[in-house]
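Please look through the structure below with the text beside it. The paragraphs that follow lead from one part of it to the next.

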Amino acid sequence: MSKTQETVLCLEGIRKDLGGRRILDQVSLSLCKGELKVLIGPSGAGKSTLLQCANCLVRPDQGEIFLDGVRLDQRSGLELRLFRQHVGMIFQDFNLFDHLTALGNVSIALEKVRGVSKAAARERGQAELARVGLGNLASLYPAELSGGQKQRVAIARALAMDPRVILLDEPTSALDPELVGEVLAVIRDLADGGMTMLMATHQMDFARALASEILFMENGRIIEQGAPETLLHPAAGTRTLDFCTRLSMELEGRKTDTQ
């Protein structure tokens, strides 16, 4: 699907203080239809907080949020509920309901939030599970699923709501290395299909191959942003390249230690 310059999600001047410390300092970004933008940076840079502010799970202390050009009234409970229906969130730790099957986890929001009938919600849920390669595991509970399967259920749950944007907070960080690929494959398919996404990740090969733009965060600010081929060019001399080089060396060191 071809990408357009239609802005879907826009954050302007987002500031957030927590525990007496400034976590986000006047962060602004825009996400156009079909783009996959990737947030990278050291731990504590503010990536997770930015994603949570983008969905108002954490209320910004200052700044504006726009969806499809319409400003969100962050004080309105009704507007927040409607907004979150269109801005899906994928967490590091899956956030599934342990007492519900995979199908139940995907269909419950359709029933409770959208008011869809149980039969229609289950039909849509089954379709979304099939979309992420789990159509034959609909009856299993989270305790019976691998980490990669749980994360794919979480993605199917978000997709069932027909989101305009999906926010992904380190979606592979809680997975064993052999399970990372199955989740990244689903995200790759979504990107190829034109889904608009903002994703925090340390999977730099994935970001290099698929990201429309990389946003490098440090100390609560976006200090560099640009196309992967620009920021990660061997002669770029960017903070982004330096960070990714050090990250690759650390990963190689861990592999050597375990051999």
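Contact here means heavy atoms within 4.5 Å. With residues up to four places away in sequence left aside, L129 touches A102, L103, V106, L134, G135, A138, V153 and A156. This is a predicted model, in which local features need pLDDT of at least 70 and side-chain atom pairs count only at pLDDT 80 or more, while totals for chains, interfaces and linings use all residues. Residues are numbered from 1 along each chain as its sequence is written, and side-chain values use heavy atoms, with hydrogens and water left out.

L129 also belongs to the largest nonpolar core, which has 52 residues and in which L129, I155, I187 and M197 have the most contacts. Such a core is a set of buried Ala, Val, Leu, Ile, Met, Phe, Trp, Tyr and Cys residues joined through side-chain atoms within 4.5 Å, where buried means under 20% relative accessible area (1.4 Å probe, protein chains only). The largest share of this core, 8 residues, is supplied by helix 6, residues 177–192 (helices are DSSP runs of H or I with at least four residues, numbered from the N terminus). A second, separate core of 31 residues includes V8, A45, C56 and L80.

Helix 3 (residues 102–112) packs against helix 4 (residues 118–131) at an angle of about 130°, their axes lying 8 Å apart; axes are lines fitted to C-alpha atoms over the stretch in contact, and angles run from 0 to 180 degrees between N-to-C directions.

How values were computed: Buried < 20%, exposed > 50% of the residue type's maximum accessible area, 1.4 Å probe, protein only. Helix = DSSP H or I, 4+ residues; strand = E, 2+ residues; numbered from the N terminus.
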